[in-house]
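This report describes how two chains are built and how they meet, beginning with the way one of them divides into parts.

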Amino acid sequence: MNAQWHPSGDLITRYAAGRLDSVQVMSVESHIARCPRCRTAVPYDEGWLESSWDGIADVVDAPRTRPLARMLRGAGVPEHVATFLAATPALVRSWVVAVVAVLSFAVAAAHLAAPDPSRPLDALVPFLAVAPVLPLAGIALAYGPRVDPVHEVQAATPMAGARTLLLRALAVLVVAIALTGVATPLLPGPPGLAAAWLTPSLALSAGTLALSTRFSPLASAAALAAAWLAAVTAGGVLGPDALPLFSPAAQAAYGMAALASTLLVHLRRARLDRGEFRWKSMA
Amino acid sequence: MEKHGLTDAAVSVRDVNRRFGRKTVLERFSVELGRGVTGLLGPNGAGKTTLLRILATTLAPDAGEVRTFGLDPSDPAQRTEVRRRLGYLPQDPGYYPHFTAFELVEYVAILKELTGRRERHREVRRVLAETDLSGAAKTKVRKLSGGMRQRLALAQALLGDPALLILDEPTVGLDPEQRMRFRALVSRLGESRTVLLSTHQTEDVAALCERVIVMREGRAVFDGTPSGLASVASGQVWLSESAPPAPVLFWRTSDGRYRTLGAAPPGGLSADPGVEDGYLLLLGNAAEVSA
C-alpha cells in the first residue's frame, strides 16, 4: 500500500458499517490514522461517539473502588449506596480498629478473670457491658456538624437528615454486630448468655436514633452510653447478681424498647434533619 | 419563566429574624432575588453567612418567611425539593483529606441523588473541567493548594446544574487569574440562574454583580446596582497631596497622594467614586440608602 492509495467511498462505507474482514480493517485504519481527508470521510454517529468517549473516560478517570464499597456491592448493596457508605466517617479504619481493640480486651478480660465458683458468669460482665455501647460510638460519629467535616455541604443536599443518618447508622450497626458476633464464640461460658449483648445493643442504637430526633446524635449516644454503663456498674456492684441486666425479662424489655424506639424514629424522621437547628413551621 | 422555571423572584425572604444566644444576627430582613448575580457585601458579623445558610436550608430562621421557587423550606418535603435545585458553597466547606478530588465531588454527587454511575461520573468530570481541575482529579484533597480546594468546593456546588447558586466568599484563596476565570464562570451562570454570593471583595461586586446588597448588623443598608453604590460617594472622594486632618477616612495611594472619603481636605481635588468608596462610606454612616 503506497502513500497515494486512498480507500474508495464504498470501502469506507463498508468499513463504517463493520462489513470488512480484519485485514481490510487494518489497511483502512492504518491509512485513515495518517490521512485527514479520508478520516473526515468516515461517517460516524455523534451520539455513539460521545457515549464511547464517555465509556473510555469512565474507565480511565474513575476512582478505584474502595474495599468496603466492593464488599458492600458483593453483598448486593446498590453501587451508589455502597460508594456513599464507604465514605462514612464512622466506618473509617480508626473506628473499626477501636471496636476490635475493645472487643479483644473484653474477651481477654473474660478469660483472665478469676471467677468466683459461686458466680461463674461474672467473667462475662465486662464484655456484655461494652458490646452494646460499641455501635453508639459509630452512630455518634455518623452525622452532625461537629463530627463530619463535610456536614455543611451535606446538609444542603436532598440526602440530608434522616436518609443519611439512618443509612450510616444501619451500616455502623451491621459492622458492630458482625464484629461482636465474631468475638462472642471466643468467650467462656454458655453461648446463649454470651450473646445477651445483642438486644441491649439494638435497644441502645434505636434509642440513640430516637433521641436524635430531639438532640444531636453525639449527645444522644453519649447520654445513653453513660446511662447503660452506669446501670451495668450499679448492677454489678450493688445487685444480688452481676447479670440482672441480661435476664430473660430484661431481654424482653430491650426488645420492646428497640421496637418502640424504631417506631418513634419512623414517626419523627423529619426531625432528624435538624442537627443544631430547629426547623419549625413559619406559616 | 425561563430554563429552570424561575420567576423573577426565585427567592423571597420576608421579615426573617435569627438570633444566636443574645445576639441578633438578622433582624426583620426582607429581600427578593430574581435571575442574575447578586452580591452581598458587609463586614464580619453583618449577617451575610447567616442569611446564606438560611437560604441554603442548613439553618432555620427564628421567625419570618422564606420561599424558594415558591417552596416553603420549613416543610420537610418542600425543603428536600429546594435542595434538589440548589448549589451551595459554604464559607467553610470542609473536606475528607484522604479522598481524591474526584471522589469528594462524586460523594456530593451521590448526596445530590445522581445515582447512575456513568451519568454521575460524567457530571463530576464536567464540573471538574468547569473549575479547571480535570488534571487534579486523582490528587488527594489534602495535597491540593488552598485555591484548588476552593475551586473544588465550587465544583461540588455546580453539580446538577442548580437553578439557585449560593456562594459564601467564593473567591477566598483564588489568585488573580483564577478570580478572573471565576468571574467569567459565575457571570455566565447568572444569565439563566439566580446566583447569590457574599464577598469582602468590592472588585468582585463591581465586576460581576448586577445587584449589590450591603448588610450591616443584620439589616440591609443598601440595595441597588454597583454604580448606585459607587454614587453614594459622589462628591465625597478627594485626592490631595497632604494628609487630611482627622477624623476622616483616608489612605495613601500608590502615586503618593491621599484619597479621602468625606469632607474635602485642604487642596483636595474631586475624584470619581468607586464601589469601595461607597461601601466604606456606607459603613461609616448607618443611614439606609436605596439606589
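Domain bounds, as used here, come from an automatic or database domain assignment. In this predicted model, that assignment gives chain B domain 1 (1–85 + 162–222), domain 2 (93–161) and domain 3 (230–290). The C-alpha centres of domain 2 of chain B and domain 3 of chain B are 43 Å apart. The UniProt record, an unreviewed entry, places the feature "domain: ABC transporter" at residues 11–242 of chain B; that span is 35% helix and 28% strand, and the C-alpha atoms at its ends lie 48 Å apart.

The overall dimensions of chain B can be set against a simple rule for globules. For 291 residues, a compact globule would have a radius of gyration near 19 Å, and the 21 Å of chain B agrees with this. Along its principal axes, the C-alpha trace of chain B spans about 70 × 45 × 40 Å.

| Property | Chain A | Chain B |
|---|---|---|
| Helices and strands | 15 helices, 0 strands | 9 helices, 14 strands |
| Buried residues | 34% of 283 residues | 49% of 291 residues |
| Contacts joining residues at least 24 apart, among those between residues at least 6 apart in sequence | 72% | 68% |

Part of the strand content of chain B forms an open sheet of 4 strands, whose order is 11-12-10-13 and whose pairing is antiparallel. Because strand 11 (249–252) and strand 13 (269–270) of chain B stand at the edges with a single partner strand each, one side of each is left without a neighbour in the sheet. Strands of a sheet pair through backbone hydrogen bonds, in either a parallel or an antiparallel manner. Strand 10 (residues 237–240) of chain B is joined to strand 13 of chain B by 2 bridges, and these two strands run antiparallel. Within strand 13 of chain B, B:Ser270 is the residue that stands opposite B:Trp238.

There remains the contact between the chains, to which chain A gives 31 residues and chain B gives 39 residues. On the side of chain A that touches chain B, the elements that give two or more residues are helix 4 (46–61), helix 6 (79–86) and helix 10 (151–154) of chain A. How do the residues of this side of chain A divide into nonpolar, polar and charged? They comprise 17 nonpolar, 6 polar and 8 charged residues.

Definitions and conventions: Residues are numbered from 1 along each chain as its sequence is written. Chains are lettered from A and ligands numbered from 1 in the order in which they are written. This is a predicted model: local features need pLDDT of at least 70, side-chain atom pairs count only at pLDDT 80 or more; totals for chains, interfaces and linings use all residues. Two residues are in contact if their C-beta atoms, placed from the backbone, lie within 7 Å. Ala, Val, Leu, Ile, Met, Phe, Trp, Tyr, Cys and Pro count as nonpolar, Asp, Glu, Lys and Arg as charged, and the others, Gly among them, as polar. UniProt positions are given in the numbering used here, feature names are shortened, and annotations may be inferred rather than shown by experiment. The radius of gyration is taken over C-alpha atoms; the globule rule is 2.2 Å times the number of residues to the power 0.38. A residue is buried if 20 or more other C-beta atoms lie within 10 Å of its own, exposed if 12 or fewer, and partly exposed in between; C-beta atoms are placed from the backbone. Two strands pair if DSSP finds at least two bridges between them.
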